[in-house]
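User: Could you help me learn to read some features of a protein model? I would like the general idea, then the case at hand.

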Amino acid sequence: MPQPSAQVTAAEISRIAGVTRATVSNWRRRHDDFPAPSGGTESSPLYGLVEVQAWLGARGHVTTADPAEELRTTLRLHQQGGGVTGSLLPLVLAAAQCTPEERTALAGLSDPSLIVRAEGASADVADLVPGAAAVRFAGQDIDALRALLRCVDADGTGEAALAVLAERELEDSSVGGTYRTPAPLADLMARLVPGPCARVLDPACGSGSLLAAVARRGAGALYGQDTVPVQAQRSAVSLLLAAPDADITVHVGDSLRSDAFADLTVDAVLCNPPYGDRDWGHDELAYDARWAYGVPPRAESELAWVQHSLAHLVPGGHAVMLLPPATASRASGRRVRMDLVRSGAVRAVIALPPGAATPFHVGLQIWVLQRPEPAGPERKSVLFVDPTEAADAGDRSAASAATATGTRGARSALDWPVLAEAALGQWSAFTEAPDTFTDEPGTARAVPVVDLLDDVVDLTPARHVRASRTDIAPADLAREAEEVRRRLVAGAASLGKAARYTDWSAAGPTLREWRTATAADLARGGALTLLRTAPESRDSAADASTVTLPVLTGPDIARGAAPSGAPGSLRTDSAPVIAPGDVVVRAIAGGNGAMARVADEADAGALLGPQVHLFRPDPARLDPWFLAGFLGSAENIAAASTGSTILHVSPGRLRVPLLPLEEQRRYGDAFRRVHTLRAEAARATELADETARLLAGGLTGGGLIPSPPPAAPDRTAGAESA
């Protein structure tokens, strides 16, 4: 049977050609010879790939897609003739274990020879990947095999290829709700486990990010299970690459219904379980021995995962779990929560702000649990931590300093270092001396167990932490509110000054058009140098101790702050050093705040973070602010980004207009003014929120009282005297 013709969307054409979608639309309107749609609908047409490539080639356009995007497109087109995605997962392991020279040699093989080598490699690693088996490849698979090889060779770790393959496989299945735990959150959860842990289990391991985080902290035996086959396979491959010296066991299956580790006890459990699952096996598991704290109600699948995790711990072992806030307060789970608290199994509940993990609009919580020891000490209290105010305070402090000095400081992204420091600091102090722990008003409070065993057993941190702000003197609160109000007035004046910029006018009856070049082309021509921090290699972790300079991170760019990354966040000492005039661009698209900025003296000497691209322009050919303005534009970032849940910016695909230097400088001055306006507006908003928060909290908490209205003139007395 003949294979169907490969078809691509307008969005894929834009990525293949390295242009914006608007440019593709212009081509369709202006060029009569542009290929006609060969399928799809009027609103979403599809075009023949061969015809599109021929049309682009005739006009000198070459593909600028990065290897991950090339693999993604190749797989989508291949699926039109039969799937191969699942068969490629084991090959990522085999390819990543090769040296760069070996991968180069593989790329030079003929198609038949490469197919033979791929089949042999697949058979060699099949026993290491759950559910994998030896596979036969055909000639039609060669494009996918070569694209996979290029993708693995590009980063050397195989993680990008794993992400693309898992994304493709999940799209073709009916599975939903599979999300990767963000790396900073996974690291925080791993650090909440006290002491070294030899054996760690994740019963809903997903992509394996939690197990990878604890492996970096020395865990020697890693156990995982996931009900989605591609997730279990991805986790196994990722862990085998990230922790080659660890003992790794990953199984496919439903941990609640069919526990693959029924007889296993471990030192720690880390888990980000599925939420809101009513079909978790309530009826068939009603008499399960794991429910030592009560049978979880049908609507409380999260409490089933909690008890499953506790059942796998050795006495005294810890479980760290990411749970939705309803688990702490829902009425149906009250009895189970009561027994968990009464027994001392609940050690801490830590609130996270919205945006920490999917679902991003919900403030999730970290539960730290400990399996009771038969003759262990009595646990008299539970720690509640809400580091949100600590993070806000850090950003407010930065905003205040920025307002006073005229530099940066507006919050628009999670400050993970501040959040982690607040949570870990309180948890460390509590574990060292739980009976003498000193509460920190507004951030942390140790609540006696007896006070939690009421009619609702609400374990929401905000309920206990924010209610503890009773020891602040009214005079101190009034002074703090007045100081913030004064800063707000100064910030409003600065915003008004920035808003006076009016040096712009209409371009004419139609939009201005210009020739553009990609950043990759400009780099080849010597107009700029493109730098980034090299990914961590297997041997680079040993170099971390030599790093002593601050690190510029993506969140720093987003919120307009000075470099705040800890030196330990870099596992290499070869990161580029930032100089004034460099243009820095966030490598992950999305969220609020700026995508790009020009480095100034506050950034000079800092190291480039792992999720930041650096463009160093030749000042004789490119104006830095002109470059930053166009590189960071929303349309440019969208056209150069790849991925589904997480959008990675491909720096070489960003496009820049080709304008004379004098005209660049006019644009650069305008972009600089726009940047100042955005920064001043963000500062004013931050200060207004802080002023309103202090005043409202002071009035409702009894620390402030409204002043009486001024006395009205005594008109009667005046009349009598007259």
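Predicted model: local features only at pLDDT ≥ 70, side-chain atom pairs only at ≥ 80, totals over all residues.

User: Which residues are buried in α16?

Analyst: Residues are numbered from 1 along each chain as its sequence is written, and side-chain values use heavy atoms, leaving out hydrogens and water. Buried means under 20% relative accessible area, exposed over 50%, and partly exposed in between (1.4 Å probe, protein chains only). In α16, the buried residues are W416, L419, A420, A422, A423, L424, Q426, W427 and F430.

User: Why does F430 count as buried?

Analyst: F430 has 0% relative accessibility, so it counts as buried. F437 is buried too, because its relative accessible area is 13%.

User: How many aromatic pairs does the structure hold?

Analyst: Rings of Phe, Tyr and Trp (its six-membered ring) pair if their centres lie within 6.5 Å; planes under 30 degrees apart are stacked, over 60 edge-to-face and the rest tilted. The structure holds 14 such pairs. For F430 and F437, the ring centres are 5.9 Å apart and the planes are at 80°, so this pair is edge-to-face.

User: And which residues form an aromatic cluster?

Analyst: One cluster is formed by W514, F626, F630, Y667 and F671.

User: Which residue in β12 stands opposite L383?

Analyst: Strands (E, at least two residues) are DSSP runs, as are helices (H or I, at least four), numbered from the N terminus. Two strands pair if DSSP finds at least two bridges between them. Strand β11 (residues 381–385) runs antiparallel to β12, joined by five bridges, and L383 stands opposite A446.
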